[in-house]
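Q: I would like to learn how to read the disulfides in a structure. Could you take me through them slowly?

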Amino acid sequence: MEGEIEQTLGTWILFTVDIQPACLGLYCGKTLLFKNGSTEIYGECGVCPRGQRTNAQKYCQPCTESPELYDWLYLGFMAMLPLVLHWFFIEWYSGKKSSSALFQHITALFECSMAAIITLLVSDPVGVLYIRSCRVLMLSDWYTMLYNPSPDYVTTVHCTHEAVYPLYTIVFIYYAFCLVLMMLLRPLLVKKIACGLGKSDRFKSIYAALYFFPILTVLQAVGGGLLYYAFPYIILVLSLVTLAVYMSASEIENCYDLLVRKKRLIVLFSHWLLHAYGIISISRVDKLEQDLPLLALVPTPALFYLFTAKFTEPSRILSEGANGH
């Protein structure tokens with residue numbers, strides 16, 4: 001009789017464990033409350049703290065992994081966006097006779113570089129040029145706010161957290177430091193060296209930054225996950241288009257036209273670096289022996305343009321466009 005009672009009690013205990021409510025939601029998890037040796041006590045199902053994400057067993061686990069190469073390339077792409085826009089608007093508003101463009105380019109590079117270093121130093125772990133992260137598994141990891149469960153279709157369990165920690169928020173921190181450093185350094189530099197420009201034109205590149213930084217912030221907030229998967233192709237397409245537009249606008253039709261000015265070579269090499277960046281991002285260099293030869297394709301667009309320019313005659317197209325034909 002006692003044996004039957006013990007067996008029934010054990011079955012009842014197992015049954016009560018099995019009918020415990022499961023942790024609903026794709027990103028809801030149980031947070032560790034207490035740990036003593038092999039004993040672990042977890043809280044109720046809910047949102048994971050910052051710097052943690054749920055595992056397959058629905059427990060919140062700290063992000064302790066190192067970012068993959070692709071993650072660093074994504075962060076590099078997001079870091080390049082304000083720098084490229086800075087350079088574009090500096091060149092656009094400086095004028096051909098202004099000697100301040102070079103100094104402003106260098107200052108913009110310094111601002112973005114310092115912002116990147118400071119961002120890494122203030123990120124966890126603090127004080128080192130290193131970050132710990134959670135691995136990106138799928139697109140929904142970027143949009144956890146869309147996956148809050150409603151068990152009874154009335155009450156919503158809010159489990160929104162940064163599952164891709166820190167790839168989402170670190171970009172905002174970087175943009176904030178870029179903006180602060182620009183406002184501290186650029187106005188003083190422009191006021192002293194931009195003598196070739198009128199008073200109304202001196203600060204237009206800074207005003208432009210005050211517009212594109214909010215745009216970049218919204219772009220990261222809304223489309224961060226999409227950019228994470230699409231940025232290699234964005235780099236390749238935009239670098240090809242801008243290189244073709246620049247070479248046609250500069251009426252470059254042969255190698256001599258390309259070598260006659262140093263600025264044209266700088267633009268060409270810059271685009272080649274972007275081509276290589278995009279190719280490496282797409283291939284992820286998983287197999288080094290197979291992926292490195294793809295970098296030989298970097299000069300191909302420029303060579304193709306030079307070989308076919310005599311058939312299209314971009315100088316004639318530009319002159320006809322200027323004359324309204």
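Q: Which handedness does the link of cysteine 48 and cysteine 60 have?

A: In general, a disulfide is a covalent bond between the sulfur atoms of two cysteines. Here a disulfide is taken as a pair of cysteine sulfur atoms within 2.5 Å, and those of cysteine 48 and cysteine 60 lie 2.0 Å apart. The link of cysteine 48 and cysteine 60 is left-handed, with -80 degrees about the S-S bond. This is a predicted model, in which local features need pLDDT of at least 70 and side-chain atom pairs count only at pLDDT 80 or more, while totals for chains, interfaces and linings use all residues. Residues are numbered from 1 along each chain as its sequence is written, and side-chain values use heavy atoms, with hydrogens and water left out.

Q: Are cysteine 48 and cysteine 60 buried or exposed?

A: Buried means under 20% relative accessible area, exposed means over 50%, and partly exposed lies in between, with a 1.4 Å probe and protein chains only. Both cysteine 48 and cysteine 60 are buried.

Q: What is the handedness of the disulfide of cysteine 23 and cysteine 45?

A: The torsion about the S-S bond of cysteine 23 and cysteine 45 is about 70 degrees, so this disulfide is right-handed. Cysteine 23 is buried at 11% relative accessible area, whereas cysteine 45 is partly exposed at 29%.
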